[in-house]
Amino acid sequence: MESVWTRKTPLPRFPSLRGEIRTDVLVIGGGLAGLLCARRLTELGVETVLAEADLICGGVTKNTTAKITSQHGLIYDKLLRRFGAERAKMYLEANQAALGEYRRLCAGMDCGFEERDAFVYARSSRDKLEREMRALDVLGAVVELTETPRLPFPTAGAVRFPGQAQFDPLRFAAAVARSLRIYEHTPVLELLPGAAVTPEGRIRAEKIVVCTHFPFLNKHGGYFLKLYQRRSYVLALENAPDVGGMYVDEAEDGLSLRNAGELLLLGGGGHRTGKQGGGWEELKRWAARYYPASRERARWAAQDCMTLDGAPYIGPYSAGTRGLYVAAGFNKWGMTSSMAAAMILGDLVTGRENPWAPVFSPSRSVLRPQLAVNAAGAVVNLLTPTRPRCPHMGCALKWNPRERTWDCPCHGSRFTEEGRLIDNPAAGDLKRRPPGKP
């Protein structure tokens, strides 16, 4: 199950750390967010080291559909109601600035960057689309309500956000990584004041930025309550048409579509990690119905951290931690959010004010309905008397027959059938081989 990006893009390789080194800033995590944060800090003249537990872009980044857009579903009506116009506009401006930075960087790269309009469509009611249009009008965005998007099934219309983009994320990441000081196969085992301990060394740093997809420090920030994870699935289809843009359903169970060269990427079938969902089988039914002449070229799955209110957590790790920062919870929009995080953290780490930081603050209110859902689910799974159990916080793991993995429904850690760690926040493998699958 390799993505189309993995199949055609070799990434540069880097040594593991042996011994003790010093740097101004340590970035932990070698996905796109970590790479871009390290690039931004280096550009600002800050000595920066990046430590990756495995291989760069070996996790979520390689499985994205790689849409670079400020249109994150019908987000702006929600942000306007939750945060008010000032902070909703911060969110829009941060993402538009991130898009502009990609445009600048990709101008000198061979990474498949191309501008495409983005669309959020509705299959039945127009009400949500019209509310989103009103919200975007308040925020000054130039958008359009399209009656007939180029989709093979009926819709009630779509909100069209012009001038967005898509690219090959690994070709881009490879170009960014070559100029950075990176150590692969260098997991951080422990954080001490001013230092990170690794299996064969130590990195002394004045400041540390955590970009590990799901933040791994449980005793600060409460991320085990503020985040949950969702899986989604992708089919790459050949002999399918160009849909003329990047599409996502306003409904959580709908389809995502974009073209990548001669292929159509069809996404969907999602579910909360550890729960049941439609998966690739649902996508195959969609493809057979709407693109009957198409053929499957590749399939893969992605996993995304979701926040309580729809905005990522970017900024100081917690109110009580000095010199420690985080970027997490990108809510399926990791490409644009990774660049926004790099721009925001570049300012905060170097002592500058950032105009967009308040809306992304990790210390903002957690009093959202999703908090109760997360807490109740964790309690139920903690009390479930089954084995194996997740080493992160002890929740009962669930067998995923589709992907043949053990998945944690509390926080989203995943393990192979033999117990090897695939996805964090767990920090290591299961201590003993799990029993046979159910």
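1. Helix 8 covers residues 279-290 in this predicted model. Its 12 residues, at 1.5 Å each, should span 16 Å. The end C-alpha atoms lie 17 Å apart, which agrees.

2. Which residues of helix 8 are buried? They are Gly279, Trp280, Glu282, Leu283, Trp286, Ala287 and Tyr290. These residues cover an arc of only 155° around the axis, so they sit on the same side of helix 8.

3. The face turned away from that buried side carries exposed residues. They are Arg285, Ala288 and Arg289. On the buried side, the cover includes three strands: strand 11 (228-238), strand 14 (263-272) and strand 15 (295-306).

4. Helix 9 takes in residues 334-349. At 1.5 Å a residue, its 16 residues should span 22 Å. The end C-alpha atoms are 21 Å apart, which agrees.

5. Strand 4 (residues 114-122) pairs with strand 6 (residues 157-166). The sense is antiparallel, over 8 bridges. In this pairing, Val120 stands opposite Val159 of strand 6.

6. Strand 4 also joins strand 12 (residues 246-249). Here the strands run parallel, and 4 bridges link them. Tyr121 stands opposite Asp249 in strand 12.

Technical notes:
Residues are numbered from 1 along each chain as its sequence is written. This is a predicted model: local features need pLDDT of at least 70, side-chain atom pairs count only at pLDDT 80 or more; totals for chains, interfaces and linings use all residues. Side-chain values use heavy atoms; hydrogens and water are left out. Helices (H or I, at least four residues) and strands (E, at least two) are DSSP runs, numbered from the N terminus. The expected span of a helix is 1.5 Å times one less than its number of residues. Buried means under 20% relative accessible area, exposed over 50%, partly exposed in between (1.4 Å probe, protein chains only). The arc is that of the directions from the helix axis to the C-beta atoms. Contact means heavy atoms within 4.5 Å. Two strands pair if DSSP finds at least two bridges between them.
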